[in-house]
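Please open the model in a viewer and keep the selection panel at hand. The stops below follow in order.

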Amino acid sequence: MEESGDPGGLVKVVHLLVLSGAWGMQLWVTFASGFLLFRNLPRHTFGLVQSKLFPLYFHISVGCAFVNLCLSASQHAWVRLTFWEVSQLCLLFLSLALATVNARWLEARTTAAMWALQAMEKERGLGGEVPGRHQGPDPYRQLREKDPKYSALRQNFFYYHGLSSLCNLGCLVTNGLSLAALALSLRSL
């Protein structure tokens, strides 16, 4: 590492901390907490928790992506960028773009569709059960088959939820690749 007073060294440390922190947060939210909460909370409680967590999570992701891109871009001489450096900057820009789309556009639409679904489910006494623990015929499938409005709302929800999930996975992959690139550029441990 360079001398402690060198701002270049400090920038590198901050970049590594922000990138690794964002990636760790994305891993936790995507694979650990989401599945754990989904399997153990009543359906509508899970939706309420996600509607509170996701706006914050997506905006933190945007902030981290912006900081990472700015820090990385400020460390390069733009005239002599190598393919490797351009690739890293493109990954960081893609992460910022995907996180921004999620935070500013997809999250609000996904949550609105979820609230509409939950309102219809509450009218029919659904939503208080923990997923996967009901016995007998699936009441949600029966509702989809009987009510075309509910079926259309559900399709709308899964459309936005799917796009949001893809953006989130894109951020996870781009940040993981950026971390791998940083690790490969280390001279020693």
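In which helix is Leu96 found? Select Leu96: the residue is found in helix H3, where helices are DSSP runs of H or I with at least four residues, numbered from the N terminus. This is a predicted model, in which local features need pLDDT of at least 70, side-chain atom pairs count only at pLDDT 80 or more, and totals for chains, interfaces and linings use all residues. Residues are numbered from 1 along each chain as its sequence is written, and side-chain values use heavy atoms, with hydrogens and water left out.

Leu96 counts as buried because its relative accessibility is 14%; buried means under 20% relative accessible area, with a 1.4 Å probe and protein chains only.

Next, select residues 83-123, the whole of H3. H3 has 41 residues and spans 57 Å from first to last C-alpha, close to the 60 Å expected at 1.5 Å a residue. Centre the view on Leu106, where H3 has a kink of about 45°, the bend being the angle between axes fitted to the seven residues ending there and the seven starting there. After H3 comes Gly125, with a positive phi near 75°.

The contact of H3 with H5 has 25 nonpolar, twelve polar and four charged residues.

Methods:
Axes fitted to C-alpha atoms, helices over the stretch in contact; angles between N-to-C directions. Helix = DSSP H or I, 4+ residues; strand = E, 2+ residues; numbered from the N terminus. Nonpolar A, V, L, I, M, F, W, Y, C, P; charged D, E, K, R; others polar. Expected span 1.5 Å × (residues − 1). Buried < 20%, exposed > 50% of the residue type's maximum accessible area, 1.4 Å probe, protein only.
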